[in-house]
Amino acid sequence: MLGNANFYNRTIRKVVVAFGTMFNDIQLQRYNKDRTQAYEIFKVPLSYGSKEKYLTRITSDPDLTKSISTAVPRMSFELTGMSYDASRKLPTTNRNFSANNSTTSLQTQYLPVPYDFEFSMSIYVRNTEDGTQILEQILPFFTPDFTVTMKMVPELNLNMDIPIELVSVTSDDCYEGDFESRRLQTWQLDFVVKGYLFGPVNKFKYIVREDI
């Protein structure tokens, strides 16, 4: 319909992978009663999926035999939406160019279209101390954004700095039974990735002039 052959830059996938990679090395330490020595250090699992999906997986226990402590702490994230950002729009007719020295071809691509990618990340913990320990490994780096460098279009060797902005942090408690016994605490962090979507890469032949 738009007059172009099939193309796929895998840009959305790259944004999702880059976002998840930022948080895949969070560690949690457990201390003794005097808080003088860490007796347990482990990596917090991170998965892709909706908050509702993981809440159901964590809290479902038809036989009443599963301990919530065996399922948490853990983290999950998902891409929740995308929106066009007119404030970052550049002239549509401008292009990126790349010449291959081994051939007489020229690769070109129109400037990308700015899009905001909205992400939601959830943290599931058994107690407040675990939640705040995870948060303090994340929040200090967002002021309010953190910039990562991504290789967006390998054909053009195009690398771009992509800001990731922290929008909000909220907390919620899920209870089982009366309100005196805490079952599960969740933290939700909302982010906006200031990314781009790219069109097709076109190749053209050019003439090499040799001066005599």
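Biologist: Where is asparagine 157 placed?

Modeller: Asparagine 157 lies in the loop between strand 8 and strand 9 (158-175). Helices (H or I, at least four residues) and strands (E, at least two) are DSSP runs, numbered from the N terminus. This is a predicted model, in which local features need pLDDT of at least 70 and side-chain atom pairs count only at pLDDT 80 or more, while totals for chains, interfaces and linings use all residues. Residues are numbered from 1 along each chain as its sequence is written, and side-chain values use heavy atoms, with hydrogens and water left out.

Biologist: Why is asparagine 157 called exposed?

Modeller: Exposed means over 50% relative accessible area, buried under 20%, and partly exposed in between (1.4 Å probe, protein chains only). Asparagine 157 has 56% relative accessibility, so it counts as exposed.

Biologist: Why is the pair of phenylalanine 23 and phenylalanine 191 called tilted?

Modeller: Rings of Phe, Tyr and Trp (its six-membered ring) pair if their centres lie within 6.5 Å; planes under 30 degrees apart count as stacked, over 60 as edge-to-face and the rest as tilted. Here the centres are 5.6 Å apart and the planes stand at 50°, so the pair is tilted.

Biologist: Which parts of the chain does this pair link?

Modeller: The pair links distant parts, 168 residues apart: phenylalanine 23 is in the loop between helix 1 (11-22) and strand 1 (27-31), and phenylalanine 191 is in strand 10 (residues 182-197). Both belong to a cluster linked by ring pairs, whose other members include Phe19, Tyr48 and Phe77.

Biologist: How do you know whether phenylalanine 23 is buried or exposed?

Modeller: Its relative accessibility is 3%, so phenylalanine 23 counts as buried. Phenylalanine 191, at 1%, also counts as buried.

Biologist: What makes arginine 88 lie over the face of tyrosine 196?

Modeller: A charge sits over a ring if NZ of Lys or CZ of Arg is within 6 Å of the ring centre and within 35 degrees of the ring normal. Arginine 88 lies over the face of tyrosine 196, at 5.0 Å from the ring centre.
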